[in-house]
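I opened the model to look up its charged pairs, its surface patches and a few backbone details. My entries follow in the order I made them.

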Amino acid sequence: MKQRIIGFDLARAYAIFGMYIVNFNMVFGYYNDQTFTGKFLSLFSGNSSTVFVILAGMGIALMTNRSKYSISEKVNLRITILKRAIFLFVGGLLLNFVWPADILHFYGCYMFISAFLIFLNKRIFLWLATLSILVFHLLIFIIPYETGWNLEKLQYNDFYTLNGFIRNTLYNGWNSIFPWIAYFFLGLFLGRLDWTQIKVQRKMFFLGLSLYLTVNIIQIVSQQISISTEVKEFINADYLPPFLPFILSTFGFSLMLISGFMFLGSKIGESEIAKTFASTGQMTLTHYVSHVTIGMIIFSVLTDKNLSEDLSLMQPTNPIYVLLFSIVYFVFSYYFSRLWAMKFKNGPLETLMRKISG
């Protein structure tokens, strides 16, 4: 169990690093940069966020992973999850004032829903994931996806209205419930598996590899053959909107990555370096909030850019500087986690959440 948890936390440490790259590049860089470094940074787009959500679902599953619970124990666990969901939802909405691409309040929504479903058979989570993807694609025919968006500036115009907030939360926000809760449901399923078994690690890895390669081959072929523009956009859509090919591709990547880290955890889980990297993964909430506040301010000073202005009108930062700053900030996060873990069991914000929610 100890190695299994370390592998899980190693995957979370990777997700933190990937999130740094994506968000620093989104604010200061240029998403379609065609240089080698720019294309490398684009590999993290989508994949890091989806891994983050899947791991969040796995965390809830691992928290409730005993074979039997009494009725009172189930009630207490649901209450704890609901309290944490409310904490993340409110905290994310407050953070949204400085970080419009916030994911925390969506996490709160996923957790709130999962609190009522957590003790279902694990296979039901796969059906629920499928259903949420289907609902999203049905909504496409009812509400144009770009409704509320200024996609050139990646700004949501009516987020602070009732209709806009509901639409953004349920359907076309950065990580809206439909279809993004599908990743959370997948995490709930994965968290119920016995990752100490090598056959589970191998099966999930090759399933992920098959999904990832299949979708990417179809995307490459779609660029070489004559098909309608609409079909080509559907096949090659990336994050906004999260069409089925994007979802399947990121499912595949996440399965490969998570199973790889679970295998790594089983091999080096007792080593000092694995334990220190795991401590970084255990502070995902703290590091997420830190990099979209402190990290953004530091990088804006270094690049001489004013965060209160429209950065899309300014010269994008060279992708090599985005990559270097992401690495440096992750190293800072690593050492902060290492020092903090010497005295405290949980990270600063994780401790606050636990004191409030239990």
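I call a residue buried under 20% relative accessible area, exposed over 50%, and partly exposed in between, using a 1.4 Å probe and protein chains only. The model is predicted, so I took local features only at pLDDT of at least 70 and side-chain atom pairs only at pLDDT 80 or more, while totals for chains, interfaces and linings use all residues. Residues are numbered from 1 along each chain as its sequence is written, and side-chain values use heavy atoms, with hydrogens and water left out.

**Entry: salt bridges**

I counted a salt bridge where a side-chain nitrogen of Lys or Arg is within 4 Å of a carboxyl oxygen of Asp or Glu. Searching the whole structure gave me 4 salt bridges.

One of them pairs Arg12 with Asp9, with the closest N and O atoms 2.7 Å apart. Both residues sit in helix α1 (residues 2–28), 3 residues apart, or about one turn of the helix. I take helices (H or I, at least four residues) and strands (E, at least two) as DSSP runs, numbered from the N terminus. Asp9 counts as buried because its relative accessibility is 3%.

I also looked up Arg167, whose side chain meets that of Asp158 in a salt bridge at 3.0 Å, N to O. Arg167 counts as buried, because its relative accessibility is 15%.

Glu270 and Lys275 are another pair, with 3.8 Å from N to O.

**Entry: surface patches**

For patches I used residues with over 30% relative accessible area and no salt bridge, joining like charges within 9 Å and nonpolar side chains (Val, Leu, Ile, Met, Phe, Trp, Tyr) within 5 Å. Accessible areas come from the Shrake-Rupley method with a 1.4 Å probe, and for residues only the protein chains shown count as cover.

I placed Phe116 in the loop between α5 (104–115) and α6 (122–140).

Which residues gather in the patch of positive charge? They are Lys122, Arg123, Lys199 and Lys203. Helices α6 and α9 (198–222) are the elements that give two or more residues to the positive patch. Here Lys and Arg count as positive and Asp and Glu as negative, with His and the chain ends not counted. I took the place of a charge as NZ of Lys, CZ of Arg, CG of Asp or CD of Glu. Lys199 lies in helix α9 and counts as exposed, because its relative accessibility is 56%.

**Entry: backbone**

I noted a cis peptide bond between Phe178 and Pro179, with omega about 10°. Pro179 is in helix α8 (residues 177–191). A cis peptide bond also joins Leu240 and Pro241, with omega about -5°. Pro241 is in the loop between α10 (229–236) and α11 (244–268).

Leu154 is not a glycine, yet I read a positive phi of about 55° for it. Leu154 lies in the loop between β1 (149–150) and β2 (155–156) and is partly exposed, at 36% relative accessible area.

Asp304, not a glycine either, has a positive phi of about 60°. I found Asp304 in the loop between α13 (284–302) and α14 (319–341). Asp304 counts as exposed, because its relative accessible area is 72%.
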